[in-house]
2 protein chains.
Amino acid sequence: MFSVLKRLVVGRPLATTEQEHQRISKKIALAVFSSDAISSTAYATEEILFVVALGASSLALGLDVLIPIAIAVAILLAIVVTSYRQTIFAYPSGGGSYVVSRENLGETPSLVAGASLLVDYILTVAVSISAGVAAIVSIPALRGLATHRVELGLVLILIISLANLRGLKESGSVFSVPTYTYIVMLTLLVGWGLYASFTGRIGTVPFDKEAFDGTREFGGTLGLFLILKGFSSGAVALTGVEAISNGVPAFKRPESKNAATTLVWMAFILGGLFFGVSLLAHRLQPFPSHEQTVFSQMGLLVFGEGSVLYIILQFATAAILVLAANTAYADFPRISSIIAADGFLPKQLTNRGDRLVFSNGVVVLALSAGALIVVFGGVTNALIPLYAVGVFTSFTLSQSGMVVHHLKEREPGWRRNAALNGVGATTTFIVLMIVAVTKFSSGAWVPVIVIPIILLVFKVIHRHYERVRTNLAVTPEYRARPMNHTVVVLVGTVHRGVLDALAYARSLNPHRLLAVSVVSDDEEQAKVEAAWREFGLEEPLELVYSPYRELTRPLLTFIDELDAQRDNDIVTVVIPEFIVESWWAHVLHNQSALLLKARLLFRKGTVVTSLPYHLD
Amino acid sequence: MFSVLKRLVVGRPLATTEQEHQRISKKIALAVFSSDAISSTAYATEEILFVVALGASSLALGLDVLIPIAIAVAILLAIVVTSYRQTIFAYPSGGGSYVVSRENLGETPSLVAGASLLVDYILTVAVSISAGVAAIVSIPALRGLATHRVELGLVLILIISLANLRGLKESGSVFSVPTYTYIVMLTLLVGWGLYASFTGRIGTVPFDKEAFDGTREFGGTLGLFLILKGFSSGAVALTGVEAISNGVPAFKRPESKNAATTLVWMAFILGGLFFGVSLLAHRLQPFPSHEQTVFSQMGLLVFGEGSVLYIILQFATAAILVLAANTAYADFPRISSIIAADGFLPKQLTNRGDRLVFSNGVVVLALSAGALIVVFGGVTNALIPLYAVGVFTSFTLSQSGMVVHHLKEREPGWRRNAALNGVGATTTFIVLMIVAVTKFSSGAWVPVIVIPIILLVFKVIHRHYERVRTNLAVTPEYRARPMNHTVVVLVGTVHRGVLDALAYARSLNPHRLLAVSVVSDDEEQAKVEAAWREFGLEEPLELVYSPYRELTRPLLTFIDELDAQRDNDIVTVVIPEFIVESWWAHVLHNQSALLLKARLLFRKGTVVTSLPYHLD
């Protein structure tokens, strides 16, 4: 029954040989690999506003610093993208932060990168889904759904997870339609909005004290710290920029060149849209609100309430954000399978499910992101400080790795390349520090603690696997040590199953064969002894007295004593097990055999044989 | 670790021989066996009021019928007690409803009685604990706790359950102090209250529209139906009356005579207090309220707010109610173990835990009562209709059984005795019908459905055990059939554990020995074949191809084919298992062996041998 259900939900199994590679054009690659990066325009501007507008002494003052911060973020984007172009050419087989760090910086830095990436992908899902839900519940007609943000988010995660467990084919159109619709709609919003604003056709967003974050008042001055904090929030616009450099092998030949071109396109689209949105926000003066996104406020003003364009904008926003979450579903299981293959995560993460998907990774991602959404109540900007630390840690490590790469390889033009990556590494490191310091108290302390813990877990797991490997290693000269084989048949009451078990045990030709029965009073003892005589059984019957009506412990003591009598003893315990056909009937029988088996397995030199007796 | 925790909570294990009987005096027996019955005075009057006061057109009109209803209940009590006196003499070894029905009426009636008893004991716990909590949160100073009724109830259940898992010694003083305190306090309340009321020293309870059940208005007329419904509620005063007849063997000699005397004392105390409380309520005019019990309202008026006597009254009430719940903890596990020993409930209910307690019964009772408290929000009077049906079903069956007993035994005076029990049976049956009809829509339909379902479960379980018994039965002439023994060693990668497993398999001297490896692609196949050659292994290596990376299903197909080749084949599957010492390390290894073992056990003719390989 479970199996039928699984087939319905997950689809027919796929054979290992059905694994295939398809190569995609630049236009489709832009949609597939950039949805994560471009979708961050949907919340980055709002995140800056949340910090500066609420921290400054007035909304207007906050809006004034939006433009300089947006310019700083755009410059940061240019530096990071230039740096990543190097990676594309150096690692045409896909140079994720983990791989680049592992090959150039060594184990610990690569594990830090790995831990950052895993945390980031979980946060990508949580942040994107939360922001997508925010876009939907901002639509005036749907605002009643706002109280169900968490449930909506969880349903979306469930749908994406199931789709990915089926093994979502990365078909171009599924990705292209939402991504390009979003780009077009956002361009329309920014273009028409700026035109209408500068020509005086529209004014500013009407300020709504109710919808504006009600609990907080304007306060404090707009100092450098607040501006840097705003910048830290805006820097999340860069998340997902590394996706293209991970996916180089998927491009049409020449892969690196095509990937590099796509990266530059992506940077211009992302930078242009982000700056455009920030400029528009400066003009239209939307206010940070948990009831309605900044996007939705501006869309309503520019396109008019109830207009089709506004509805398309909101749904396109939600759609690209869901796509962004979906990219994490491709990346998290892949990265965790690589880390697991290196022996730092449980090996099960390397198992492909019967749809060729790293199913365990998908499940871990879904559960972690779902938990975050529940804990943070499905509100995006509570998660942002957690997000940025991981993103910039992996940027820094990846770029530093590239610097070392150039110094080692000394390929033509390596000095220039090393310099470019050096600038990238330094810049992203500075941003990392800014984020960690300015946002420490608002949540950046979480990754600062969590990433080292993950690192420690990686190391403990690795040590365990190493220990197992050396323990199991064996040379062709190895010979198993000779053994004295004792077979013990466990007897409760004497019935057909027990007689069959004794016959089976005899056929094993052990050095010694005996039956053992656990009794807790004289009456029980007399009963089993009488049966032994009645059936004329010749094997010695040992009685173990258990005053506390326990099975496992007295039996283990008995086996210890038996074992101590001879050297090289292997004791096989034959347990006649009564197998009933229906699950409910199992409840009707004592399951003490199960516990006993588990305990015996942990005892050295014991073999456990289950002799099932089936009901006719 | 679990074991240390268990010892701390439950105490040291007790040997079977430590089981002992202690006989108790009438004074202590009254406390031990009557707490359930006498404690029902704490809510019975209130339950009548809830029905008649809320159903009638005014509170005063409702209070008027209280007296006739109380008289009717007192008469009912006299009839039932007279009837039960017979049982005490006829069954000096303890004649519960189940035993009496089984011996006189046959299987099905006894199972109906058994089902009713089990349901009743669960409801005893839920109702008594809810009423006990109500007594506490009625105290003005503690009224803030009212919103935590459910949690308080669950904590009390947890404490009682743990105490009973330890095997509560039925020490006289633990029972005597609360029971006698309650009797004294209630006598004081009724006595002083009536005196003060008749002498005009106190008036009536001030009516508080707020505290009075706010959602309902007075309505309807006080017809016969409503009076009968009120009577049905009052009849719960009789719950627990049968306890003494169950516990006859615990009395000092002459057991039956002492028990009968105690029963009569109990009846007078219970009847007197119940009638007294009802009369007092008629005078003081308390109103049904979920905020404050009727008892508490009258206590406050009679003793004065803040008086020590009032506080003692409330705590004594809570204490005797907790004791009443505790008696169900003695009865439920005992009855369920008797029913299980007869083969109608899972055998595990007959296991005494290492403290000589039927631990499984205690756990089942605690979980069921806890669930009821949660579902009904810890409010007593929602549970009462469920309660009364079971109580009067078991009364009726028990008394009918006694009638049959007298007709069969024809002991001296049997005609008179049969007549007495006949009156008891008829009366309780009429009350059962009244309860079922008048309270059907308020919840009496639940036991009307649940008791037959339990009956069905009893029968299904019994059929299963019967089938098992006939299947396992065997004569001394039985000989196990001869077998062709094939041993299959499961091989993943070739390591030390696999070589040891092969050596073990060889030592079993099977008719046929082979190794089998499940591979999902050519690479895996080549790897295991190379290892086989490298280690010079001579056993045939069979490769099972599993394109969908599955283990269990292809292997089962392979064993089916192997099995089909010869007659009388016993296939032993040797699974080398890697055993790690810490629980967390288990997560790091594929647990596919576990699933495989479970599936193989369900296959006929397969023996599963686990060969643990321990890390050094």
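The following is a chat about the two chains of a predicted model.

Visitor: What should I know about the numbering and the limits here?
Guide: Residues are numbered from 1 along each chain as its sequence is written, while chains are lettered from A and ligands numbered from 1 in the order in which they are written. This is a predicted model, in which local features need pLDDT of at least 70, side-chain atom pairs count only at pLDDT 80 or more, and totals for chains, interfaces and linings use all residues.

Visitor: How is chain A laid on chain B?
Guide: A turn of 179° and a shift of 0.1 Å along the axis bring chain A onto chain B with an RMSD of 0.2 Å. That is the relation of a two-fold axis. The superposition is by least squares on the C-alpha atoms of residues with pLDDT of at least 70 in both copies.

Visitor: Which strands make up the open sheet, and in what order?
Guide: Ten strands form it, in the order β3(A)-β2(A)-β1(A)-β4(A)-β5(A)-β5(B)-β4(B)-β1(B)-β2(B)-β3(B), with mixed pairing. Strands here are DSSP runs of E with at least two residues, and helices are runs of H or I with at least four, numbered from the N terminus. Two strands pair if DSSP finds at least two bridges between them.

Visitor: Which strands stand at the edges?
Guide: β3 (541-545) of chain A and β3 (541-545) of chain B, each with a single partner strand, so one side of each has no neighbour in the sheet. On average, neighbouring strands of this sheet are turned by 25° against each other, direction ignored. For such angles, axes are lines fitted to C-alpha atoms, for helices over the stretch in contact, and angles run from 0 to 180 degrees between N-to-C directions.

Visitor: How many bridges join β4 to β5 in chain A?
Guide: Nine, between residues 569-579 and residues 606-614, and the two strands run parallel. Ile579(A) stands opposite His614(A) in β5(A).

Visitor: What does helix α21 of chain A lie across?
Guide: Helix α21 (residues 552-564) lies across β1, β2, β3, β4 and β5 of chain A, at about 150° to β4(A). Contact means that the C-beta atoms of two residues, placed from the backbone, lie within 7 Å. In chain B, helix α20 (residues 522-534) lies across β2 and β3, at about 145° to β2(B).

Visitor: New topic. How far does α12 of chain B reach?
Guide: Its 30 residues, 255-284, reach 42 Å from first C-alpha to last, close to the 44 Å expected at 1.5 Å a residue. The expected span is 1.5 Å times one less than the number of residues. After α12(B) comes Gln285(B), whose phi is positive, near 50°.

Visitor: And in chain A, is Gln285 buried or exposed?
Guide: Gln285(A) counts as buried, with 20 C-beta neighbours inside 10 Å. The cut-offs are 20 or more other C-beta atoms within 10 Å for buried, 12 or fewer for exposed, and partly exposed in between, with C-beta atoms placed from the backbone. Phi of Gln285(A) is also positive, near 50°, and the residue sits in the loop between α12 and α13 (294-303) of chain A.

Visitor: What about Asn509 in chain B?
Guide: Asn509(B) has a positive phi of about 50° without being a glycine. Asn509(B) is partly exposed, with 13 other C-beta atoms within 10 Å. Most residues other than glycine have a negative phi, and most peptide bonds are trans.

Visitor: Where is there a cis peptide bond in chain A?
Guide: Between Arg253(A) and Pro254(A), with omega about -10°. Pro254(A) lies in the loop between α11 (243-246) and α12 of chain A.
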